[in-house]
Each structure stands twice: as structure tokens, then as C-alpha cells.
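Have a look at the model first, then read on.

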Amino acid sequence: MTRIMKSVLLAGAAWSAASSMTMAQDAPQQGASSLDDIVVTARRRDEQLKDVPVAVSALTAEQLETTGATDITALQQQTPNATVQIARGSNSTLISFIRGVGQQDPLWGFEPGVGLYIDDVYVARPQGAVLDIFDIERIEVLRGPQGTLYGRNTIGGAIKYVTRRLDAEPTLMARGTVGNYNQREGMIQASTPLGDTFAAGFAFAKYDRDGFGTNLTTGEEHYDKDVTAFRASAEWTPSDQLFMRLAYDRVVDDSNPRHGHREVNSTTGGFTPQADIYDTNAGFRGNQEVETEGASLTAEYVVNDMITLKSITAWRSGDTETVIDFDQTPLPTLDVPAIYADDQFTQELQALFQGENWSGVAGLYYLDGESSGVFDTIAGNLGVSIAAAGYVNTKSFSAFADFSYDFSERLHASIGGRYTKDDKDAGVQRFFYLGASRSPLTGGAPRPILQVRTNYTAEDTFEKFTPRASVSYDFNDDMTGYASISQGFKSGGWDMRGDAALVPQTVDGYDPETVTTYELGLKGLIFDRRLSFASAAFYSDYKDQQITTQQVATAPAVGVASVVDNAGASTIYGFELEGRAFITDSLSSNFSVGYLKNEFDEFITLVTGTPVDISDTREPQNSPEWSAFWSVTWAGDVGGGELTVTPSVSYRSDYHLFDAPDPILDQDAYTLVDLAAIWTAPSGHYQLGLYGKNLTDEEYKVGGYNFAGATFNNSISAFYGPPRTYSAQLTVRY
């Protein structure tokens with residue numbers, strides 16, 4: 001079945017292009033989304049998508065709504081060579097990979113490999129970053145290193161969540177959604193001008209859903225959803241030259257803890273895999289709550305026709321309290337309570353330039369952030385609780401510039417660079433406490449430390465200059481080709497789990513990693529502008545790759561050894577094709593295909609104390625060789641209003657959840673089939689939508705844990721993507 005669906009998807013993408021040859025000769029209707037009318041800010045300035053020499057997927061609010069997308073993880077289905085998923089053991093923590101580069105581990109102190117931005121504000125931590133889709137204008141996915149203009153932790157790429165600016169007229173939108181698993185959602189969004197120069201607006205959303213499964217030990221819902229989100233903004237435009245926007249957002253996730261599904265029989269207690277993949281036998285009780293909030297002030301001043309100045313001042317904060325039962329049994333074999341906290345302040349200054357045949361942007365960026373946390377590993381079979389605590393303070397400064405020059409009407413070149421300096425200081429502690437219960441650090445009974453495993457402070461400075469250069473040529477008014485080279489950089493740090501008694505070198509920390517990417521691209525509109533497409537072929541050289549290796553040790557000392565080191569180097573290459581075909585006035589098709597080849601050149605492990613290259617036994621994680629998406633939208637008059645019907649299919653070939661291949665946790669290829677039907681009343685004020693997701697009820701893993709063996713009760717668990725769901729939605733707009 002999977003092979004058939006893969007053939008259908010790839011053939012469908014080709015059919016979308018081929019069928020365009022026989023389309024009517026009229027140009028697409030005004031307002032249709034294609035490369036010539038989508039404006040993006042991938043290079044920090046407004047540009048038409050077809051003119052940007054960067055691999056960018058731009059998904060408009062209309063496109064996301066048409067396919068029934070509910071949160072940011074929908075990007076995984078529609079964007080080639082991207083993994084955007086909810087992290088294992090979490091309800092709202094984001095895991096992102098683009099072109100095989102990312103960060104699986106959301107522990108504090110580790111930096112993501114894909115940068116997330118909300119209205120140009122960098123979100124440093126992944127907790128609470130699974131953003132629900134509401135009140136947006138578009139989402140941009142920039143693939144490949146974005147080290148020139150975005151800098152921090154964009155070695156894989158960047159995801160830009162762009163919210164709407166307020167309208168000049170009063171607006172009101174209310175939406176209610178009901179579905180299976182007792183889904184109950186509501187949202188209200190409103191804005192109004194307050195005088196000639198001032199406007200204010202807000203959006204509020206509540207998302208509730210029962211669990212896909214049940215905790216068979218506690219009786220709690222499992223994989224449920226209980227999220228509240230709020231956003232408010234105020235905009236002041238006293239003149240044509242000055243614009244200011246103050247924005248605030250807050251998200252609270254009160255969903256139940258997510259523990260995972262046992263994949264194999266236990267060695268103690270006789271526990272077997274649960275019949276339903278969404279059920280668990282986890283017995284570890286505790287609170288789970290994730291709170292994130294942020295505020296930003298953006299100011300733009302047009303000095304003259306040539307210069308515009310921009311300032312982005314922002315603050316963000318997050319707190320997480322959670323529990324994860326790694327062994328999925330009522331036994332305290334491997335229970336983990338965790339508490340995370342983070343704060344960040346950022347300031348960015350930009351100067352945008354526009355000349356007769358040149359343009360560019362230059363700026364300064366500053367970040368002052370702190371991430372901290374504590375968690376226990378309650379190891380019942382060992383009779384101890386292993387407490388880990390630590391913090392990382394980061395002060396980052398960078399200066400950047402990117403300029404483009406038109407040598408002729410058709411030949412263009414750009415060059416840019418960014419200098420980044422990260423000053424970091426950290427403290428790491430790891431203690432053994434006697435007794436298989438919470439340690440005093442997470443609220444357990446006070447008792448003396450049995451053994452100090454790790455206790456150190458450290459500081460270091462990481463700095464790097466990352467360049468980018470590109471040349472593009474307009475073959476005609478509708479077709480652009482480009483070649484580029486870019487580099488990304490992610491600074492070093494220290495392992496917050498490090499056990500210095502088992503792995504003494506953990507106190508030395510790990511160094512930065514870099515990715516250098518060479519890319520060729522072709523974008524344009526063909527067949528009388530009825531087919532818009534963007535394609536790219538790339539080759540990436542990934543050096544000093546930061547990799548976490550864990551090993552259960554029983555002698556000479558007991559514990560879980562964790563090493564984060566610059567263990568790897570990889571060669572990554574592939575291609576991407578995406579676009580939209582306007583087949584008839586009432587029929588259109590969106591498609592994307594991604595091919596990714598990711599291979600380790602070296603994988604050095606130090607857990608044994610002696611460096612050993614084991615690259616021939618390792619496979620990069622979250623790097624499916626093929627990914628594809630195909631949707632067809634029919635629009636027509638029905639009942640006096642407009643009805644759109646959009647079936648869509650997405651495909652991912654097999655991939656590994658961990659660098660060490662594991663037949664139990666490795667995910668086979670799978671296909672997701674969705675269907676959306678939306679009817680809009682003649683007045684445009686009312687809209688009814690019916691949505692079906694994962695209609696074939698595919699079972700697919702999105703994360704897991706592997707603690708095999710008797711010491712931890714053979715704790716191999718997996719977390720799964722949503723099952724078949726369906727919903728009905730009513731929207732009222734004025």
C-alpha cells in the first residue's frame with residue numbers, strides 16, 4: 001500500500017505539471033496564490049517569492065485553512081524535507097529538522113538547529129512552541145543555513161510565524177469547532193481603529209479535546225489537549241513615515257502528562273505492550289503545565305525613499321513542570337519529574353536601504369537569555385534518585401549585513417555576512433540520593449546527598465563569521481535561476497545531564513558546529529502563468545556535529561552516562577520541488593516533493609573512554625529519503641455560496657528516530673490522507689467547514705525512548721502521531 005501511495009504522490013506531482021500543458025490559456029484569476037503575488041520577508045525586506053534566491057516555502061493563511069491545518073506541525077506534511085513535530089513526552093514542545101539538521105533533545109542548555117521566529121522575534125526555547133494556527137498572515141519556512149540575516153541557531157533553516165496587521169476597519173471573527181474525541185474549540189478575534197492613527201486588536205483561543213487513549217493505571221486521559229492562547233496588539237501610525245506595534249502573547253498548556261506506549265515486554269512485573277498505541281500503564285503521577293508568554297515593540301521609521309530604520313525589542317519567558325514515566329508501568333523503575341524555566345531579552349536594530357539598482361539591510365542583534373532546570377531520574381531497580389540541575393546564561397551579540405546589486409535588468413548578485421559572539425556561563429550538578437522517590441530538588445523529602453557525581457561551573461566564548469553569497473538571473477519576466485553558498489553556526493555548550501564520575505570529559509563541554517550549503521535553484525511561472533513552481537538542489541557539509549550518546553553503566557559505577565560531543569560529520573544532499581497548478585478556473589493543485597540523502601562521514605564515541613569511529617553503524621535521525629505532498633482543490637458555486645473541496649495526501653519514507661538504528665523504534669514509510677470541505681455564504685460572513693485528518697488511520701511514530709535491558713525494566717517506548725479525526729467548524733466574520 002505504501003509503495004502504491006508513494007507512486008501516486010510522485011506521479012501526482014508530475015501530473016500537476018504535465019496537465020498544465022493542456023490548460024486554458026487565460027492567466028490565473030486575480031487573488032490566486034502563486035509566486036508572483038506572494039510577498040515574503042525571507043531577506044528581512046519585502047520581496048516577491050519568485051525573486052528571492054533562497055529556498056522558501058510560504059504557506060498563506062488561506063492555503064493552511066483550505067487543507068484544515070490546525071497547528072504548526074502541519075508544515076511537516078506540506079514542506080519538503082522538513083520534520084516539524086511535537087517532542088516525545090510532551091504536548092506543546094517543538095522538535096524541528098530541515099534537510100536533516102535540527103535538535104531532537106529539548107533539554108535546557110541545548111540549542112535548536114532550526115530557528116523559530118514570531119514576527120521577527122527569535123524564540124530561544126522549544127517549550128510551548130507548537131503554535132496553533134490562528135490570527136496569522138502566513139508561515140515561511142526557510143530551508144538551509146540562514147546564518148547571515150537570522151544568525152542564532154538557524155544552521156538547518158528558520159520558521160517564521162507572521163501574524164496579521166490590524167485592519168483599517170473594525171473586524172470581528174468568531175469560530176467554534178467540534179469533533180470526535182470530544183473536541184471542543186473556540187476562538188474570537190477582533191480589532192478596531194481608535195481614531196485616525198491608532199488601532200487595537202486581540203485574539204483568544206481555547207482548545208480542548210479528550211485523549212486518544214487512556215492511562216490504564218491512573219484512569220487519566222492520555223494524549224488529550226487543554227490549551228489556552230491569547231494575543232493582543234496595538235498599532236500606532238502617526239504619519240506615513242512612522243509605524244509602531246506593541247504585541248503580547250501568552251499560551252498555557254494544561255494537558256495531561258504524556259508517557260508513551262510500551263513497545264516490548266517488561267523484565268519485571270509482567271507488563272506487555274498495551275493493545276492500543278495511545279494507551280499507557282504509566283503510574284507516575286504529577287502535574288504538567290507549560291506557560292509561555294512574550295511581548296514585543298516594533299518601530300519602523302521611513303527616513304526617505306532610500307533608508308528605513310527598524311527596531312525590534314522583545315522579551316519572552318517560559319515555565320514548564322512535567323512528569324514522564326519512561327518505563328510505562330506502575331513501578332518506579334524509570335520515572336522523571338522535570339522543571340524548566342527560561343527568560344530572554346532581545347534587541348535588534350535594522351537599517352534597510354533601497355537604491356536605483358541596489359538594496360540591502362544591515363543591523364545589530366543582542367540577546368540576553370537564561371535557561372535553567374532540574375529533573376530526577378528515579379531508578380527503582382537501583383534504589384536511588386539521580387538529580388540533575390543546572391543553568392546556562394547566554395549573552396549574544398552579532399552584526400550583520402546583506403546587499404544585492406543589479407548588474408542589469410536580469411543579472412543580480414547578493415553578498416552578506418554575520419559576525420556572532422556568544423558569551424556563555426553555566427553550572428551543572430548531578431547528585432545521587434538514596435531512595436526511589438523524588439529528590440529534594442524536585443520537592444521530595446529532605447535527605448542527604450548519597451554521592452556527588454557532577455558539580456562544576458564553566459564559561460566560554462564562541463564566535464564565528466558566517467557568510468552568504470548568491471547570483472541570480474532572470475531568464476525572462478517569469479523565470480529566475482540562482483546559485484548560492486551559505487553557512488550556519490551553532491555555538492557550543494555543556495551537557496546538563498553530564499555525569500563526571502562516569503565521563504570526566506563532560507566538564508570540558510562541546511564546541512560549535514557548522515553547516516556550509518551550496519544550492520542551485522529555479523523558480524518561476526510557466527504555461528501562460530498557470531503553473532508556479534520553485535525548485536532547489538543542494539549539497540551540505542555538516543562539521544563538528546553535536547551528538548548526544550547515552551549508555552547505561554553498571555560497573556565500575558552505576559548510572560546513565562551521557563556525552564554530548566562534536567562526534568559527527570555528515571554529507572547531506574538532495575533536491576526539492578514545490579508549486580501550484582491552476583488547471584481550470586475551478587480546479588487547482590498544490591504539490592511538493594523532497595529528496596534527502598543524509599550520511600555520516602564520521603561518528604566518534606567517547607563513552608568507552610577511547611575515541612572510536614562507529615559511523616558505519618549509525619544513521620542520521622529524522623531524515624526520510626523521500627517526502628511528498630499533493631492536494632487538489634475544487635471550487636464552485638453551491639447553494640448560492642462557494643464550496644471548496646480539498647483532498648490531500650502526504651508521504652514520508654522510512655526514517656530513524658535515533659542515530660542508532662533500532663527495528664523496534666524505526667518508523668516505516670507511511671501516507672496520510674486528509675479531506676477538507678468549506679462552504680462560504682454569499683455574504684462572506686458565514687463559513688462552514690468539515691475536516692477529516694488521517695482518514696486511513698495510519699499508525700506512525702514521532703518520538704521514542706530506548707532504555708533496553710533489565711536495569712531499567714526493558715523500557716522501550718514510542719509516541720505516536722494523531723489517529724483518524726474529523727471535525728466540523730463554523731466561522732462568523734464581520
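In what sense do β4 and strand β5 pair, and over how many bridges? They pair in the antiparallel sense, over 5 bridges. This is a predicted model, so local features need pLDDT of at least 70, side-chain atom pairs count only at pLDDT 80 or more, and totals for chains, interfaces and linings use all residues. Residues are numbered from 1 along each chain as its sequence is written, and side-chain values use heavy atoms, with hydrogens and water left out.

**Strand β4**
- Strands here are DSSP runs of E, at least two residues long, numbered from the N terminus.
- In β4 (residues 82-86), 5 of its 5 residues are buried (under 20% relative accessible area, 1.4 Å probe, protein chains only).
- Ala82, Val84 and Ile86 sit on one side, with Thr83 and Gln85 on the other.
- Valine 84 has serine 96 in β5 as its bridge partner; strands count as paired if DSSP finds at least two bridges between them.

**Strand β7**
- β7 (residues 114-118) is largely enclosed by the rest of the structure, because 5 of its 5 residues are buried.
- With β10 (residues 157-163), β7 pairs in the parallel sense over 5 bridges, and isoleucine 118 partners tyrosine 161 there.
- β8 (residues 121-123) runs antiparallel to β7, joined by 3 bridges, with leucine 116 opposite valine 123.
- The hairpin of β7 and β8 has 2 residues between the strands, and aspartate 119 takes a positive phi near 50 degrees.

**Glutamate 463**
- Glutamate 463 is found in strand β25.
- Its relative accessible area of 46% makes glutamate 463 partly exposed (between the buried limit and the exposed one, over 50%).

Conventions
Helices (H or I, at least four residues) and strands (E, at least two) are DSSP runs, numbered from the N terminus.
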